[in-house]
Amino acid sequence: MGNIQEMKIEHGNRQIDGIFYAPNEEGQYPVVIFSHGYNGHKNDFDSTAKYLMSQGICSFTFTFTGGSTRDESGMPTTAMTLFTEMEDLQAVISFVKGLEQVDSSNIFAFGGSQGGLVTALTVDDMSEHIKGMILLYPAFCIAENWNKRFPKLEDIPEEEELWGMKLGRGFFESIHGYDVYKHIGKYRNNILVMHGDKDPIVDIEFSQRVMNIYSNMQLEVFKGEGHGFSLEATKRMSELLGRFVKENI
């Protein structure tokens with residue numbers, strides 16, 4: 001079916017765990033770099049990566065350092081911020097560019113939920129390296145939500161647990177007063193956004209809002225889907241992703 005390899009990326013004092021999926025045949029292929037959501041894992045997009053492999057497309061999945069209770073890097077989740085995740089993604093992009101089976105002129109960035117926000121912010125600064133961007137129910141609401149919760153710096157706790165994972169003070173301080181929409185929009189290549197219209201975590205309104213910022217964005221609405229797609233929707237998402245890559249190489 002293909003070649004699947006575990007890989008490690010060293011950057012600074014961090015070590016990122018990743019998985020590289022490539023077709024068996026020799027040659028260079030386009031690649032999709034997958035960034036998982038809050039408390040996610042490098043295996044979250046395994047089925048999609050295997051599908052892409054069957055379509056002649058490489059994938060690289062990884063776990064953000066401190067970005068998951070299943071992260072093996074040793075970095076505590078309380079040290080993670082959106083900006084440490086951006087640093088991780090920058091390191092992954094640089095690493096993947098040098099892989100033998102990767103066509104470095106056809107690198108695509110995919111991000112889900114928090115990973116979607118991190119991808120959008122990162123790609124704005126690295127646009128010359130990214131051929132296309134794909135966002136899955138991107139959490140453009142994160143800074144807005146937390147700033148409503150902690151409107152003043154003195155309101156911010158040392159630690160806050162959310163959905164089974166602890167966040168540290170630095171996470172909230174780093175986005176205090178941060179306007180996401182002023183840090184995206186420079187990217188000019190094609191963008192595909194996929195979002196369910198019944199998402200209770202990130203309302204589809206946030207994806208609709210960024211259509212006014214990106215002139216090159218297509219929004220694919222998944223009717224009846226929430227935050228985390230059904231098997232049927234995941235299959236459709238994978239197929240749309242594969243088609244997007246092929247149409248943009």
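Guide: The sheet is open and has 8 strands, which follow the order S1-S2-S4-S3-S5-S6-S9-S10 with mixed pairing; strands here are DSSP runs of E with at least two residues, helices are runs of H or I with at least four, and both are numbered from the N terminus. Two strands count as paired if DSSP finds at least two bridges between them. The edges are formed by strand S1 (3–11) and strand S10 (217–222), each of which pairs on one side only. From one strand to the next the twist averages 20 degrees, where axes are lines fitted to C-alpha atoms, for helices over the stretch in contact, and angles run from 0 to 180 degrees between N-to-C directions.

This is a predicted model, in which local features need pLDDT of at least 70 and side-chain atom pairs count only at pLDDT 80 or more, while totals for chains, interfaces and linings use all residues. Residues are numbered from 1 along each chain as its sequence is written, and side-chain values use heavy atoms, with hydrogens and water left out.

Within a sheet, strands pair through backbone hydrogen bonds, either parallel or antiparallel. Strand S3 (residues 29–35) and strand S5 (residues 102–112) pair in the parallel sense over 6 bridges, and the bridge partner of Phe-34 in S5 is Phe-110. Helix H3 (residues 114–125) packs on the sheet, where it touches S3, S5 and strand S6 (132–136), and its direction makes about 135 degrees with that of S5; touching, or contact, means heavy atoms within 4.5 Å. Helix H7 (residues 231–248) also packs on the sheet, touching S3, S5, S6, strand S9 (191–196) and S10, and its direction makes about 165 degrees with that of S10.

In the loop between S5 and H3 lies Ser-113, whose phi is near 55 degrees, a positive value in a residue other than glycine. Ser-113 is buried, with a relative accessible area of 11%; buried means under 20% relative accessible area, exposed over 50%, and partly exposed in between, with a 1.4 Å probe and protein chains only. Trp-163, in the loop between strand S7 (159–162) and strand S8 (165–168), likewise has a positive phi, of about 50 degrees, although it is not a glycine. Trp-163, however, is exposed, with a relative accessible area of 56%.
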